[in-house]
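Subject: Structure handover

Hello,

Here is the structure I said I would pass on. My notes follow below it.

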Amino acid sequence: MYKLNKTAWYLGYAISVFVVWMIVYRYCPETGLIWTAFKWIILIIGTIIALAFSMIEFDENLSSRENPVVFLGFSRQLTAAFTEHVITGGFLLISVLGTPAGIVMLLMTPVFLLCFVVFDAIYMLVLAIARSKDRRQYDSDTGRFLCPECGRSFYRPSYDVDGTITEGLCPSKIGIKNIETSSGIIPCTGSGRRALDQYCPGCSARVYTKEGKPFVVSMVGAASSGKSSFVLSVAGSAVGASGKGAAATGFYYTRDDVRLSEYRGGRIRPTPVAYQPPCILTVEPGRLSTPRLLYMCDIGGAFFTGSVETDLQPQYAYNDAVVFLFDPSRRDPAETAYKTYLGFINRYRMLNRLDASHRLSVPISVVATHSDRPGPFNGLPNQGVRQRMVDEGYFNLVNAIEKDFQRVSYFACDASREDGSASAVVKHLCHEARSDMEGLL
Ligand SMILES: Nc1nc2c(ncn2[C@@H]2O[C@H](COP(=O)(O)OP(=O)(O)OP(=O)(O)O)[C@@H](O)[C@H]2O)c(=O)[nH]1
Ligand SMILES: [Mg+2]
Ligand SMILES: [Zn+2]
């Protein structure tokens with residue numbers, strides 16, 4: 001910015017000197033004003049003085065964050081010349097009124113101003129183009145920022161700019177590609193920006209999402225219906241396989257590695273009902289420019305039956321898909337599933353302030369877990385699940401879900417193993433929601 005401003009500043013002088021030379025040389029009458037008789041001497045002296053002025057007045061401040069754009073910087077300089085530097089101001093006034101140098105400067109001023117207006121207009125135009133390009137790129141590569149810690153959603157994370165936490169770093173008046181600070185150059189677009197330290201604008205937690213694009217799935221189901229198993233089954237098969245497009249998949253939180261190995265060892269603990277950070281699967285970019293992040297929001301089943309008072313789930317405001325699970329091998333499976341569903345949908349509608357007449361557009365999958373156990377859903381292909389539910393007394397549930405949601409799909413799976421039956425559900429939901437995550441799982 002300093003270089004750019006300096007160049008613009010001197011270019012402005014050069015252009016105005018040239019224009020004034022042209023005017024005086026070509027249009028000055030040979031007679032008339034006294035000073036025109038010595039126009040060569042006057043022009044040279046005037047120009048030297050004018051240039052000397054430009055040297056004095058050019059200030060390092062022009063490159064600072066307060067004077068990002070040339071013209072704004074220039075107008076500040078002029079004000080300073082007349083107010084703070086009284087001597088300079090007085091000298092300027094006298095010279096303008098009485099000396100040849102003043103007349104040269106007087107002629108130069110409008111040209112000079114015009115130059116800066118043009119420079120600034122060019123800068124603003126380039127800025128507007130850069131901003132819209134950055135916005136388009138961010139929308140397609142990232143879309144939004146979801147804090148892994150507090151679960152709140154923001155358009156952009158905050159960035160560490162030279163020790164100060166800056167919200168939503170992007171091209172602005174203080175820099176198009178980079179911002180110059182006292183200690184260096186901070187990128188405000190692209191991969192340079194992605195590599196900066198990032199924080200949640202809500203809870204200030206340090207985050208490592210690297211502008212990844214999130215896809216959020218909410219897990220819903222009664223206690224012990226298999227929600228946590230389902231999550232780990234999906235994660236386990238994705239982490240195990242190296243994925244397509246040479247992408248590497250792993251957990252955002254290292255504690256989930258521990259949970260996965262416990263799950264693989266046949267141990268799984270009940271989930272608490274209070275809000276807790278989701279299980280986040282990060283798929284490294286490969287040929288994409290940003291990572292893809294699969295947020296699987298899991299919560300203890302008691303949350304839905306209303307037996308425990310807890311906070312509402314923030315992800316209900318922005319989730320991309322919902323998985324509703326039920327365990328057909330338990331006692332009163334249809335009744336339990338229906339009650340759980342009602343507990344869920346009431347909370348969901350309440351949080352989103354939607355009344356019962358509004359049909360929800362997020363895709364939902366209804367999943368019968370424990371399909372490995374003997375029972376009506378054992379070994380049943382997914383296409384047969386809906387009809388089997390109707391036959392087995394889940395009619396209320398099917399009816400209610402299809403009334404509330406526009407897009408409902410049905411699956412049967414064994415969540416206790418990583419056999420791909422759980423992953424198929426999430427892949428289908430990605431497809432329904434048009435997420436490019438589908439091809440990466
Ligand atoms: N055989 C079999 N067992 C399953 C399946 N899904 C879950 N389980 C078992 O059921 C038990 C409960 O599973 P969880 O995944 O903890 O259920 P949850 O819905 O997360 O339960 P809460 O966190 O308490 O709400 C565990 O012992 C799992 O191993 C399945 O599809 N087949
Ligand atoms: Mg659980
Ligand atoms: Zn946060």
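Around ligand 1 there are 20 residues, and the closest are Gly-226, Ser-228, Ser-229, Thr-271 and Gly-301. A residue is near a molecule if its C-beta atom, placed from the backbone, lies within 6 Å of it. By class, this shell has 12 polar, four nonpolar and four charged residues. Ala, Val, Leu, Ile, Met, Phe, Trp, Tyr, Cys and Pro count as nonpolar, Asp, Glu, Lys and Arg as charged, and the others, Gly among them, as polar. Helix 7, residues 227–240, gives the most to the shell, with three residues.

This is a predicted model, where local features need pLDDT of at least 70 and side-chain atom pairs count only at pLDDT 80 or more, while totals for chains, interfaces and linings use all residues. Residues are numbered from 1 along each chain as its sequence is written, and chains are lettered from A and ligands numbered from 1 in the order in which they are written.

Helices (H or I, at least four residues) and strands (E, at least two) are DSSP runs, numbered from the N terminus; two strands pair if DSSP finds at least two bridges between them.

An open sheet is formed by four strands in the order 4-3-7-8, with antiparallel pairing. Strand 4 and strand 8 (206–207) are at the edges with a single partner strand each, so one side of each has no neighbour in the sheet.

Strand 3 (158–161) and strand 4 (164–167) pair over four bridges. In strand 4, Thr-166 is the bridge partner of Tyr-159, and Ile-165 that of Asp-160. The two strands form a hairpin with two residues between them, and Asp-162 in the turn has a positive phi of about 55°.

Regards
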